[in-house]
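Subject: A structure for you to explore

Hello,

Here is the structure I promised to hand over. Have a look at it first, and then read on for what turned up.

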Amino acid sequence: MAAIYRREVKSFLNSMTGYLFIAFILAVTGIYFTAYHLRGGYPSFSYTLEAIVVIFLLAVPVLTMRILAEERRQKTDQLLLTSPVSVTGIVAGKYLALVTILLIPILVMAAYPLILAQFGSISFPEAYTALAGLFLLACSFLAIGLYLSSTTENQVIAAVLTFLVLFLCYIMNGIAEFFPETASASFFALAAAAAAAALLLYYMTAHPAVSAAGFLLAEGALTALFFLRPSVYEGLIQKILGVFAITERFSEFASGIFDLSGVIYYLSIIVICLFLTVQSIQKRRWS
Amino acid sequence: MIEVEHLTKRYGNHLAVDDLSFSVGEGQIYGFLGPNGAGKSTTMNIMTGYTAPTSGEVKIGGYNILDEPEAARKCIGYLPEIPPLYQDMTVKEYLIFAAGLKKIPRKNAQSMIPELMETTGITDMQNRLIRNLSKGYRQRTGLAQALLGYPPVIILDEPMVGLDPRQIIEIRDLIRGLGKKHTVILSSHILSEISAVCDHIMIISHGKLVASDTPENLPLLMSGTNTLQLTVRTKEQTLRSILDAQDAILSYTLEQSAESDAWDAVIRTRTQTDLREALFFGCAQKNAAILNMQLSRMSLEDIFLELTEGDPGSEETNDSENDGEKTEKGGDGNGSNLSQRS
């Protein structure tokens with residue numbers, strides 16, 4: 001794991017990618033910092049941080065696209081997977097390298113509140129809570145990018161996929177608002193989702209009886225619940241889609257609240273994505 | 001050292017490796033020989049744990065490659081078909097990285113890496129980016145990587161590809177030297193490479209082991225396959241009658257010779273019988289002049305071609321035996337999925 005970590009960090013810093021990522025983020029941060037704080041005179045650093053979340057949607061795919069896809073294309077995964085290192089170790093090494101590169105601009109950003117403090121009194125806890133939130137948010141972006149990079153051997157596809165997924169998460173709350181909040185709307189949406197899941201199950205297992213049984217069971221349970229306790233369904237779509245609104249949790253941090261549930265939320269996303277990455281690599285061994 | 005039992009690998013409907021079993025002892029050099037696409041690389045990928053078999057198991061030094069992957073892989077140095085090199089590293093950086101991956105203590109690595117660069121002849125290239133190396137140097141860098149830590153089992157997939165003749169001789173000597181202390185398995189589709197270094201040859205065709213023996217013994221496996229080439233100045237009719245009179249001939253083919261009024265015959269006989277004298281007298285009686293007669297014992301080349309192309313008669317019997325086994329196995333392994341589908 002340590003060898004992989006060292007190699008990745010070195011590789012980022014020997015090529016354009018790492019510098020591009022760091023420079024891009026710092027440049028945009030500088031622009032917003034100048035506009036909001038130096039010229040606009042806002043005391044709260046979180047304004048800048050909230051504005052640059054969009055930049056991470058673009059910058060993270062650039063950093064993560066290569067990380068596993070390229071191993072597969074160059075066949076260097078044969079070296080990694082036949083060496084006495086566990087797949088978990090490989091993924092952890094790669095992920096920690098990504099986080100290390102991310103830490104560079106984050107640490108530079110940590111200096112900005114100190115600059116601001118020269119011009120008046122600002123709340124340091126608020127500023128650093130927001131920065132910690134941004135760090136967690138970007139870490140979960142990196143985990144998503146790492147996973148998607150493991151699913152393909154084409155860097156471009158990995159980058160585009162990562163951007164799409166991150167962008168969807170970014171606009172998820174907007175999407176959720178398309179749906180009416182009534183119980184029946186949620187019911188139909190869930191019924192459709194159950195049907196899609198059953199189809200997917202059939203596609204993956206080619207087992208009609210199990211898929212049909214699963215489908216009937218799920219639809220039956222949903223219908224029963226709808227007639228017994230319709231109140232459960234009210235606004236359920238919004239709640240479910242809200243789980244994927246990764247950027248939304250950050251606004252809590254941005255407003256200066258160190259939201260423990262948000263920390264757990266981001267850590268869960270990271271753990272789930274890393275787990276999926278390991279599984280995706282393991283799975284290829286069997287196919 | 002290595003035990004491979006009933007290894008089968010299926011890619012969709014394509015059977016890449018079909019019920020392969022063999023074992024390799026310590027300090028031996030084993031050669032995998034087979035045409036392209038015979039399943040050599042797949043077998044090696046399974047033995048090193050890169051891919052998992054559909055059924056069957058591999059044990060390296062007593063460790064199952066799937067159950068105790070880290071312990072088993074520690075015993076293996078592997079050079080895949082395409083050397084797994086990072087383009088953005090120098091040769092030395094790459095070897096240091098590989099040593100880290102293999103968990104070789106830093107002190108050992110510091111003495112081992114220059115030593116290996118010396119043996120594989122890449123010392124002068126150590127500070128070059130791998131991206132800028134030629135194919136031969138990449139191959140050698142890959143080889144140095146496989147030898148790192150001097151693991152007890154060294155698996156080399158077509159190690160001679162891309163090397164010039166002088167390098168081939170060097171690498172051949174290197175492998176021969178390794179065979180004294182290590183178990184080496186190498187694959188190739190070129191017979192002379194394998195027969196020059198290996199103690200034992202395994203010929204693989206269509207995922208099956210078709211022959212496994214020492215280079216000296218392989219020709220003995222083939223009975224009835226000596227050929228006798230004959231050029232006789234006579235009429236076709238006469239030659240046929242001479243040949244038909246010999247019971248020991250299995251089959252023959254006649255062709256108009258390049259020499260005028262002569263016929264070429266290619267005669268297949270059993271290994272034990274020598275027909276030269278009988279044919280000489282046979283022809284002499286009929287006043288037919290023998291212009292040329294040559295007995296060619298089966299070379300390894302011929303054996304390889306014959307085994308891998310497959311003699312339909314003998315292959316069929318093999319197939320039906322294996323089919324029986326396959327249906328038996330259907331119940332436990334991946335076969336259960338298939339039976340559910342149908």
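This is a predicted model: local features need pLDDT of at least 70, side-chain atom pairs count only at pLDDT 80 or more; totals for chains, interfaces and linings use all residues.

Now look at the partners of β8(B). Strand β3 (residues 29–33) of chain B pairs with β8(B) in the parallel sense through five bridges, and I29(B) sits opposite V184(B). Strand β7 (residues 153–157) of chain B also pairs with β8(B) in parallel, over five bridges, with V153(B) opposite T183(B). Together with helix α6 (residues 165–181) of chain B, β7(B) and β8(B) form a right-handed β-α-β unit.

There is also an open, antiparallel sheet of four strands in chain B, in the order β2-β1-β4-β5. Its edges are β2 (14–24) and β5 (63–64) of chain B; each has a single partner strand, so one side of each lacks a neighbour in the sheet. Strand β1 (residues 2–11) of chain B runs antiparallel to β2(B), joined to it by seven bridges, and V4(B) stands opposite F22(B). Helix α1 (residues 40–47) of chain B packs on this sheet and touches β1, β2 and β4 (55–60) of chain B. The direction of α1(B) makes about 120 degrees with that of β1(B).

Happy exploring!

Definitions and conventions:
Residues are numbered from 1 along each chain as its sequence is written. Chains are lettered from A and ligands numbered from 1 in the order in which they are written. Two strands pair if DSSP finds at least two bridges between them. Helices (H or I, at least four residues) and strands (E, at least two) are DSSP runs, numbered from the N terminus. A crossover is right-handed if, with the strands pointing away from the viewer, the path from the first strand over the helix to the second runs clockwise. Two residues are in contact if their C-beta atoms, placed from the backbone, lie within 7 Å. Axes are lines fitted to C-alpha atoms, for helices over the stretch in contact, and angles run from 0 to 180 degrees between N-to-C directions.
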